[in-house]
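Here is a short briefing on one protein model. Keep the sequence and the 3D view open as you read.

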Amino acid sequence: MTVAELGHLVAELDRRLSPSAKKVLEKRYLKRTAEGVPLEVPADMLARVAENIAQADLLYRPDESLDPVINEFFAVMANLEFLPNTPTLMNAGRELQQLSACFVLPVDDSMESIFGAIRDAALVHQSGGGTGFSFSRLRPKNDLVKSTMGVASGPVSFMRVFDMATETIKQGGTRRGANMGILRVDHPDILEFIRAKEDEHILNNFNISVGVTEEFMAAVLTGGEYALRNPRDKKEVGRLNAREVFDLIVDLAWKNGEPGIVFLDRLNRDNPTPKAGEIESTNPCGEQPLLPYESCNLGSINLAIMLKDGAVDYDRLRRVTRTAVHFLDNVIDMNKYPLPEIGTMTKSNRKVGLGVMGWADMLVELGVGYNSDQAIKLAHDVMGFIHQEAIKMSEELAAERGTFPNWEESTWAAKGKKVRNATLTTIAPTGTISIIAGVSSGIEPIFALAFVRNVMDNTELPEAHPALEGVLKDRGLYTPDLMKSIAAVGGLHDMDVPEDLKKVYVTAHDVSPEWHIRMQAAFQDHIDNAVSKTVNFSNSAKPEDVERVYLLAYELGVKGVTIYRDGSRQEQVLNIGEVNRKGDNGQAQMQLGAGGQPVMPVRASRSPVLRGETREKTTGCGSLYVTVNEDDFGPREVFANMGKAGGCAAASTEALGRLISLAFRYGVPPDKIVKQLRGIRCHVPLGFGPNQILSCPDAIGKALADKYHLSNGDGGHSVGQLEMPIAYAQGACPECGGAIEHEGGCMVCRACGYSKCS
C-alpha cells in the first residue's frame, strides 16, 4: 500500500493535524536520516504501522489477503479515531520493532537480581519503554547479609543506583527513561522511602508510590498500629501508628506531589491470573499493574469525535473499539521484546490496554460540565459500553485464534468466558498521542482553554479551544482582548462571560479535587487494569485537603492516586499577573504606571566599589566561576564565566549573569532566583548525589544557595519587600521552556510535545 493509493484519507489527515501535531510527529515519530531530515510524512508513518501490525493476521489466516485489514487499521488511525501508544507508532515496521510502553521487572533480594534488573531496565529504556519496580523484596537497611557478614544498604539506596543508570540511557533517541518505584507500606524502610523525594533533586527518573494494604487502611481509619515485616523471613520487626504514617504520606504529597499511593490488595483482587504470580508494581504512570517480566501495549479511542447529532455515536464507537482490540492483539504477535522472559510472560497472558482520550472535549461538545452528576453518569455509560464491546471482540478473537495460554487457571475461566486477552481496558495519560489527535489528555479536564502562541516574528497570537472560540463568536462575545485575558489565567472563572459557559468550559483547576476522584472512580468501575489520573489542587490547598481526597479514593474503590498541588515544585515558571508592594499597613498595594501597568521600583545606581566572592563549580562543560557582588542593600550583580573562553556555554552563562543582576536591581530576593535555577538539567550532568551539578544554570543556583545559606532553594535571606503572587503557575518544559501540564500521572508540554509518557 502506498500513500498515493490512500486517496482522500491522506488529504483529510493533513487537514486534521494541527501545526503542533505535525511538529511533534516530525520531531519524534517520523523516520529520519542521520542528519535529522524526515523520510516520511505522517500518512507514510501510519501506513508503515498499519502494514506491519496487519501482518499478524497471517499467523491465523495465511491464505487471506491483508489489504482489508491494512486499510481498516490505516483508516482508524488516519481519521484520528484511535491511536496506539508511542513505541508502536515509532517502531512498527522499523528495525527496533519494540511496540510496548509498559513493563514491570522483578527485583529480588540479591546483588545478581538487583544489577540484573538495572541491565534489563537499560534495554527496555533504550527500546522506548517505561519500567516499574517493586523494591519490597529487598531486606531493610542495616539488616545482616550472611554471605558477606556485612549489612544491607536498603531499598532506597539501590533506587538511587537505578536512577543514575536511567539518567545515562536515552529512550529510543527520543525520550528519557521513566520508572515507577513501589515499596509496601509494611516494609521496615517505609519512612525513608516516603521521604525519598523530599529533596526534589533526587530520584528524578522515578515516580514513587507507597503500596498500601487493606490492613494498613483499616488501621488508619481506627487510629491503630500495624506491623512492619522483614521481607527476608516475613517476621514482624516493629509496629508503627498507621495514622502517623498516613499523615506523612499526605504531607509529602502536598509538598511536591510524591509519593502517590497504590492500593496493592485491590490490584491483586482484580489480578486475572493469580496463579501466574502476584502483582507488585505498575508502569511509571500507574495505570498498568503487571506481573514481573510482563509488558502491555496500550491504545486510546478519541472520544471527541465519537458524536453524531448532539449525542454519543455508539455505532461508530463499537466499530472503533472492535478494530482497536484487533489491532492491539496483533501488536503482541508483532512485538520484538527486549528480553525473552518478557516475551514469554506477555504472550502467556496477552494483556492489552484500550483506553480513551478527548473525554473533556466530548463533554464540552455535549454541553455537559466535567464536574457534574451528568458527566459521571455519561462516564459509566461510555466506558461501560467500550468495556463490553472489547470483551465481545476478544471472545471472537479467542474463537478464531485461541484463548490466552494461562486462561484455564484464570478468573475468566471461572466466569466461563473464553477471551483472547487477560485484560482489555486501561486509562493511560495519552501525553503525546493526544497532541497528535488534537484533543484533551486521557480523562483529564481541559488544562487551559486558551494560550498564547509565539510565532516566528515574535508576534503573540492567542489560541483558544475550538469549541469555546466557536461559541464565543456565535454569541458575539469574541474579542482578541478577551482571548488574551483567558490565556493569562487559563480559564473563564474570572471572565465576564455568561454563567452557563463557565459551567461547561471548566479547566483542571476549576474542578474540585473531589470531582477529580469521582470521575476517576466512575471510569475505574469499567476498567480491567487501572486509571492514570492527576488530582489537581490549587496552591492554597492544605494537607487536610489532600487527606480528604486520599480517603475518598479509598472509599470509592480506585486503585491508586496521584495528586499535584499547583506551584508546589521548585522548577516552577511564574506567569505574573500583578506585582504587589506592601504598604505601611501590611496590605498589598500595587504601584501602577502609564497604561495601568505595574511599576517595579529600581535600586539606585551601582556604587563604584562592591564587595564580592567567587565560587568555582565544576560542570559538564568545564569549570564555572560564579562571582556575587553586594552593596549595602544586598546582592547587586552576578558574573558567571566559563573557565574556557568562547562557545555557546560561555555566552549563555554570561547572559544569565546579566539577567540575574537585572533581577537583583529590581529587588528580587536570591531565594526566588535559586528556586528557578536549581534542578535545570542539560545533557551532561556531572557528579552524584546531592552534590551533582545538573547544568550551568543549576551550578549558578547552587553557588547562590551556598552564598546565602539557602537549603534546597527555599527560605533564607529576603531582599526588598516585593511579593509576586502566582496568577497561573505551571511547570517548565525541560526542552523548550514552555508550560508543563501535570495530568494523568504524567507531565506533557503541548508546545513541543515533550512528555515523560506516551
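The notes below go topic by topic through a predicted model.

- The model holds ten cavities of 30 Å³ or more.
- The second largest cavity has a space of about 130 Å³. Its lining is made of 17 residues, and those closest to the centre are Cys 285, Gly 286, Gly 560, Val 561 and Thr 562.
- Two strands, E12 (260–263) and E22 (560–565), each give at least two residues to this lining. Strand E22 gives the most, with three residues.
- Sorted by class, the lining has eight nonpolar, seven polar and two charged residues.

**Strand E22 and its neighbours**

- Five of the six residues of E22 are buried, so the strand is mostly covered; buried here means under 20% relative accessible area.
- On one side of the pairing list is E12, which pairs with E22 in the antiparallel sense over two bridges. Val 262 has Gly 560 of E22 as its bridge partner.
- Strand E21 (residues 534–537) also pairs with E22, here in parallel, through four bridges. Thr 534 stands opposite Thr 562, and Val 535 stands opposite Ile 563.
- What lies between E21 and E22 in the β-α-β unit? Helix H22 (residues 543–556) does, and the unit is right-handed.

- Strand E27 (residues 622–631) has seven of its ten residues buried, so the rest of the structure largely encloses it.
- Strand E26 (residues 611–619) pairs with E27 in the antiparallel sense over nine bridges. In this pair, Thr 614 has Thr 627 as its bridge partner.
- The link from E26 to E27 is a hairpin through two residues.
- E27 also runs antiparallel to strand E28 (residues 634–642), and eight bridges join them.

- Ser 661 sits in helix H23 (residues 647–665). Is Ser 661 buried or exposed? Ser 661 counts as buried, because its relative accessible area is 14%. A polar atom of its side chain lies 2.8 Å from the backbone nitrogen of Val 638.
- Ser 65 lies in the loop between helix H3 (42–54) and helix H4 (67–78). Its relative accessibility is 48%, so Ser 65 counts as partly exposed. The side chain of Ser 65 reaches the backbone nitrogen of Asp 67 at 3.2 Å.
- Glu 400 belongs to helix H15 (residues 373–401). Glu 400 counts as partly exposed because its relative accessibility is 35%. Glu 400 and Arg 420 are 20 residues apart in sequence, and their C-alpha atoms are 9.3 Å apart in space.

- Start with the general rule. Most residues other than glycine have a negative phi, and most peptide bonds are trans.
- Where does the chain hold a cis peptide bond? One runs from Glu 258 to Pro 259, with omega near 5°. Pro 259 lies in the loop between helix H10 (242–256) and E12.
- Gln 97 is not a glycine, yet it has a positive phi of about 55°. Gln 97 is found in the loop between helix H5 (86–91) and strand E2 (102–104). Its relative accessible area is 8%, so Gln 97 is buried.
- Tyr 293 also has a positive phi, near 70°, and is a residue other than glycine. Tyr 293 is placed in the loop between strand E14 (289–290) and strand E15 (294–302). At 23% relative accessibility, Tyr 293 counts as partly exposed.

Methods:
Residues numbered from 1 in each chain as written. Predicted model: local features only at pLDDT ≥ 70, side-chain atom pairs only at ≥ 80, totals over all residues. Heavy atoms only, no water. 1 Å grid on protein atoms, 1.4 Å probe; cavity = no way out; pocket = protein on both sides within 12 Å on 5 of 7 lines; lining within 4 Å. Points joined across faces, edges and corners; volume = space filled by probe spheres on them. Nonpolar A, V, L, I, M, F, W, Y, C, P; charged D, E, K, R; others polar. Buried < 20%, exposed > 50% of the residue type's maximum accessible area, 1.4 Å probe, protein only. Pairing = 2+ DSSP bridges. Right-handed = clockwise from strand over helix to strand, strands pointing away. Polar contact = N/O pair within 3.5 Å; in protein donor to acceptor, adjacent residues only side chain to side chain.
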